[in-house]
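Here are my notes, in numbered points. Have a look at the sequence and the model, then read on.

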Amino acid sequence: MPPCVPNNSSMASCSPIFQEIQTVVADLDGGLLISPNPFPYFMLIAIEAGSLLRGLLLLLLSPLIHLLYTFVSEPTAIQLMIFISMFGLKIRDIRTTARAVLPRFYAADVREDSRQAFSGMYGRRIVVTSIPTVMVEPFATDFLGADRVLGTEIDVHPKSLRATGFVKTPGVLAGRWKKSAIKQEFGEESPDLGIGCGASDHDFVSLCKEGYIVHPDNSAVPVNPDHLNLRLIFHDGRLVQRPTYLNAIINYLWIPLGFILAIIRIFFLVPLPLSIMPRLSSFFGLKLITRGLPPPPPSSGSPGFLYVCNHRTAIDPLVISVALKRKISCVTYSLGHFSELMSPIRTFRLSRDRATDTARISALLKEGDLIICPEGTTCRQPFLLRFSALFAELSDRIVPVAVNIRQGMFFGSTARGWESMDPFFLFMNPRPTFEITFLDPMPTEMTCTGGRPSIDVANHVQRMLGCTLGFESTTLTRKDKYMMLTGHAGVVDHSSKMEPTKSQ
């Protein structure tokens, strides 16, 4: 069948030919994604793999980039964005950012109709893009099921393994170079289906037996996240919203004010007595929502209650203490040193040695109430990681606590960055909202004392919190998170740091 001329048919009209399609080639920006503008993704690389100053430089030059992209040439604009966002960065940091940060923003921008055409067949799937391959490949292969990504190849210094800011021959993969790359990939054969965007993609779409040009449409229906090949459970990065031109300007205008606000909140609000902090939190722009009736403090000689909560940010135990209006000690697997230093409650690091941790937690419960986050790490998405069953073996006075935190501009947690900056980024949000829900203490017959296995107790608590929050329970662990986001297990030896960081 000779290649057809690209047409403007609706993507929905190509669904009847799915069973006959063996190969599909799709442009990413504007073809598979709703927005054809790659600027937000270069901004993410500049900030998350580089620095806020690098991102600011890219933002200041964005008017020039927009003019070049619109009136001069797409390759020139993309080359400039590559140079600003990547020059001097370690290729390892660029790859990690592409794997840990970009997929969340890409996934929210995928067109449902294009995804159906791209993923609704069992043949070979190729993504072609003018964006650097290193930025696109993790998302395209893992979430879209692409077999190959044909993109711009960035130049890397062979000794320092840092990006030079330039690209390899033949340059930015746009226009006729996309056509050339596809010819090289397929040889004399023609792909069955081609999906492009704009006039610059006509060349490569004309090689395909069936061609579709997708026009930019901000009202296009985004894909249901459950329809992607991989569910997005873990992600990293500080920015909550996609850094479009407008959002980036708002973020950079707010950062100086937000940093001052964070300092005021950390150094003036946090040290106040916990009994008055809930009444003053709204004055400092914080919103605390408390539901449920927690049990009263234990009487003298009685063991304390074990408050078992899910983990959203590093200050979850502090927020629970504020909701209770009294200081409650907590045990944690990891916490930034600054967070420990500034915490008004006692924090104890767990060693991950079962015998040592068992003795430590048992001793603390004899002193009073205790807070524990059995997930062992934070999770931003509406999922709960596997609960360690250790807590279930140590107490039958278990109080499940559901924690949820809404952050509008910045995430107060990180797997790759400086954990000591977590409180600052959290409190830099204009109005963070903390929701604490105390569930009823578990009946004795539902604990290990009542004959239930510790794993069953831990899973039951996880399901209770999931139902309360509307989150999905998983069997994923801290190790899964860090292997996904950083490439290592995320285990730190704190065996020599078992003493409390703050006296009560």
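1. Starting with K325: at 46% relative accessibility this residue counts as partly exposed, a class that runs between buried (under 20% relative accessible area) and exposed (over 50%), with a 1.4 Å probe and protein chains only. K325 sits in the loop between α14 (316-324) and β10, and its phi is near 65 degrees, a positive value in a residue other than glycine.

2. Before going further, a word on the ground rules. This is a predicted model, where local features need pLDDT of at least 70 and side-chain atom pairs count only at pLDDT 80 or more, while totals for chains, interfaces and linings use all residues. Residues are numbered from 1 along each chain as its sequence is written, and side-chain values use heavy atoms, with hydrogens and water left out. Helices (H or I, at least four residues) and strands (E, at least two) are DSSP runs, numbered from the N terminus.

3. L161 also has a positive phi in a residue other than glycine, near 55 degrees. You'll find L161 in the loop between β4 (154-156) and β5, and at a relative accessible area of 47% L161 is partly exposed.

4. There's a cis peptide bond to check, between T169 and P170, with omega at about 15 degrees. P170 belongs to the loop between β5 (163-167) and α10 (176-186).

5. N310 is worth a click. This residue lies in the loop between β9 and α14 and counts as buried, at 0% relative accessibility. Leaving aside neighbours within four places in sequence, the contacts of N310 (heavy atoms within 4.5 Å) include D316, C373, E375, F387, V403 and F471. For scale, N310 and G417 are 22 Å apart in space, C-alpha to C-alpha, and 107 residues apart in sequence.

6. T378, in the loop between β12 and β13 (383-384), is buried too, with a relative accessible area of 12%. Not counting residues up to four places away in sequence, T378 touches H311, R312, T313, S413 and K481.

7. Now for α16 (residues 354-367). Its 14 residues should span 20 Å at 1.5 Å a residue, and the end C-alpha atoms are 20 Å apart, which agrees; the expected span is 1.5 Å times one less than the number of residues. Which residues of α16 are buried? They are D357, I361, L364 and L365. These cover an arc of only 100 degrees around the axis, which puts them on the same side of α16; the arc is taken over the directions from the helix axis to the C-beta atoms. The buried residues pack against β9 (306-309), β10 (329-332), β11 (347-349), β12 (370-372) and α17 (390-394). On the face turned away from the buried side, α16 carries the exposed residues A355, K366 and E367.

8. Helix α4 (residues 62-72) has S62, I65 and L68 as its buried residues. Their arc is only 120 degrees around the axis, which puts them on the same side of α4. Among the elements covering them are α2 (39-50), α3 (52-60), α5 (74-86) and α12 (245-269).

9. Last, how do α3 and α4 meet? Their axes come within 4 Å and cross at roughly 50 degrees; axes are lines fitted to C-alpha atoms, for helices over the stretch in contact, and angles run from 0 to 180 degrees between N-to-C directions. The two helices are therefore oblique to each other, since under 35 degrees counts as roughly parallel, over 145 as roughly antiparallel, 65 to 115 as roughly perpendicular and the rest as oblique. On the α3 side L58, L59 and L60 meet S62, P63 and I65 in α4.
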